[in-house]
Amino acid sequence: MSRDRALRGAIAVVGAAESTELGKIPGKSALELHVDAALNALADAGLRPSDVDGVACAGELPVDVADYLGIVPEYLDGTNVGGSSYMLHVRHAMAAITAGLCETVLVTHGESGRSRVGMTPWAPAPQSFMAQLELPHGPVGAPSLFPIGVRRYMAEYGMTREQLATVPVVQRQWAALNPRARLRDPITVEDVLASPVIADPIHLMHCCLVTDGGGALVLTSAERAAQLDLPAPPVYVLGAGESSESTVVSGLESLTSSRAIRIGGERAFAQAGLTPAEVDHLMIYDAFAHVPLYGLEDLGFVGRGEAPAFVADGHTAPGGRLPLNTNGGGLAYTHTGMYGMFAIQESVRQVRGTAPAQVEGVDVSVCTGVGGMFMSSGTLVLGSAATL
Amino acid sequence: MSDISTDSRPVPLPTPDTQEWFDRIDAGELTVPRCRACAEFFLYPRSCCPRCGAREVDLVPAAGTGTVASFVVNQRAPAGFAPPYVLALVELAEGPLLMGHVVTDAPDALEVDAAVRVAFEQRGERRVVRFEPTGSVA
């Protein structure tokens, strides 16, 4: 048994909230979206900024988030590995809180992905390997690079275009149950395949939204959580894992599997002492339709090559045995740029029993984030008090 | 050949650890970095071996052949590029993957594992690697 097993359930999410609005928010800068979500999460925990002694965020500097809110931090985590950063912040906070480095950590996300208010323009640095080895070949950004392995997956495992198209179709079914989701109208496989081709085999409807929004978490020790007068029950961190691979897709070990998801998932499940069969609810970062398919296999929920049929057969849909991306996901709910925070938010809601598309009896929820084009990943296993 | 004054397509801006690899491409030669200690081939070019950590790295002339590991057909494109075109990851004969266009008039007929050979495209004062199908499937 690895030593991190001792930290199972040692910290809890005691506050969780998203920005007041989601979607198009031209009146707020990216930093304000961090702050708006932070104040909502602190209110959710019944706490104030002065109760926080640790700050973690990506995109903006934790220095700015702390200073804006008047927090005097004794712990700062500016880990930025893309959209999975928030899973890593939670894991690092677990280490910091249990080691006594700090007591209460605020994790924030905010991005003006659509309105681009107060955002540094996105451009790979000229010295990056992406700029040296990929940009001269004209990728149309992430829609070319992230799914570049999909054809190999289709060739090796026989996935059809229709099966790939069922991923956004099923997530739209979840989004239809969620009033805060941006895209709520039902779609069909035919609709997906009739949507414009961006980088064949990827159509527009295989791609995530581009929105403005934020989210924040308040974390503290399970011991302190028990002493607080919390409006909502604590959600315990049972396990966490992280890993990284390459910032260029030519540097990935495999084009049909993510090593970073595999390692992060293995560590998280091992720490939690649980197996995929014991998971009630699942979130897998879906910047593009193939990512949840890779995730289902790399986390061990299904065997190699089995994910497309598993989704097409309705097992991840409303009423299915493994509810997946129940907020509608990045494809239909919201996707600000670094979506991982929203996956965690939905996991917390499902364990609390407060999600708009609530699944019955969720005690264990797993959420997996991915950064870049499979360059990084983080997985959290979250649980109710019954799982301790 | 593209006009250097109007071609908005990016060219690599090498760092010291990638300079020689790109310089040799500009001279019309693709090389693959190989560790002198453990003989591992790797890409991207770097100044140590990602398998064993040795600092002695040789740039070995590539066989110039490979197979298409996977690809997308871009129907949208950044400034300066004219879609549709095949953006591929090619598995070189030496093992590592390398990105480049596969030049073909029939992108929809291209298949995973198709055999290709290395070619070069002049872009301003630099050359950029691309691939041409050899008509056989590996």
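In H3(A), Ser85(A), Tyr86(A) and Met87(A) meet Gly340(A), Met341(A) and Ile344(A) of H14(A), where two residues are in contact if their C-beta atoms, placed from the backbone, lie within 7 Å. Helices (H or I, at least four residues) and strands (E, at least two) are DSSP runs, numbered from the N terminus. The structure is a predicted model, in which local features need pLDDT of at least 70 and side-chain atom pairs count only at pLDDT 80 or more, while totals for chains, interfaces and linings use all residues. Residues are numbered from 1 along each chain as its sequence is written, and chains are lettered from A and ligands numbered from 1 in the order in which they are written.

By class, the contact of H3(A) with H14(A) divides into 4 nonpolar, 2 polar and no charged residues; here Ala, Val, Leu, Ile, Met, Phe, Trp, Tyr, Cys and Pro count as nonpolar, Asp, Glu, Lys and Arg as charged, and the others, Gly among them, as polar. The axes of helix H3 (residues 85-98) of chain A and H14(A) come within 7 Å and cross at roughly 60°, so H3(A) is oblique to H14(A). Axes are lines fitted to C-alpha atoms, for helices over the stretch in contact, and angles run from 0 to 180 degrees between N-to-C directions. Angles under 35 degrees count as roughly parallel, over 145 as roughly antiparallel, 65 to 115 as roughly perpendicular and the rest as oblique.

Two further helix pairs of chain A can be described in these terms. Helix H1 (residues 30-45) of chain A and helix H2 (residues 62-69) of chain A have axes that come within 10 Å and cross at roughly 60°, which means that H1(A) is oblique to H2(A). Their crossing is right-handed: a crossing is left-handed if the near helix is turned anticlockwise from the far one by less than a right angle, and right-handed if clockwise. Leu31(A), His34(A), Val35(A) and Ala38(A) of H1(A) make the contact with Asp64(A), Val65(A), Tyr68(A) and Leu69(A) of H2(A), and these residues comprise 6 nonpolar, 1 polar and 1 charged.

For helix H10 (residues 259-272) of chain A and helix H11 (residues 290-298) of chain A, the axes come within 9 Å and cross at roughly 45°, so H10(A) is oblique to H11(A). The crossing of H10(A) and H11(A) is right-handed. Ile261(A), Arg262(A) and Gly265(A) of H10(A) meet Tyr294(A), Gly295(A) and Asp298(A) of H11(A), a contact with 2 nonpolar, 2 polar and 2 charged residues.

Chain A also holds an open sheet of 9 strands with mixed pairing, in the order E3-E2-E4-E7-E1-E8-E11-E10-E9; two strands pair if DSSP finds at least two bridges between them. At the edges are strand E3 (75-77) and strand E9 (281-284) of chain A, each pairing on one side only. On average, neighbouring strands of this sheet are turned by 20° against each other, direction ignored. Within the sheet, strand E1 (residues 11-18) of chain A and strand E8 (residues 235-244) of chain A pair in the antiparallel sense over 2 bridges, and Ala12(A) stands opposite Tyr236(A) in E8(A). Helix H14 (residues 340-352) of chain A packs on the sheet, touching E1, E4, E7, E8, E9, E10 and E11 of chain A, with its direction at about 175° to that of E10(A).

The contact between the chains takes 30 residues from chain B and 30 residues from chain A. Strand E3 (65-74), strand E4 (85-92) and strand E5 (97-102) of chain B each supply at least two residues of the side that touches chain A, and the largest share, 6 residues, comes from E3(B). This side of chain B has 21 nonpolar, 7 polar and 2 charged residues. Strand E5 (residues 197-200) of chain A is joined to E3(B) by 2 bridges, the two running antiparallel, and Asn74(B) is the bridge partner of Ala199(A).

Some backbone details complete the picture. The peptide bond from Asp200(A) to Pro201(A) is cis, with omega near 20°, and a cis peptide bond with omega about 0° joins Pro83(B) and Pro84(B). Pro84(B) lies in the loop between E3 and E4 of chain B.
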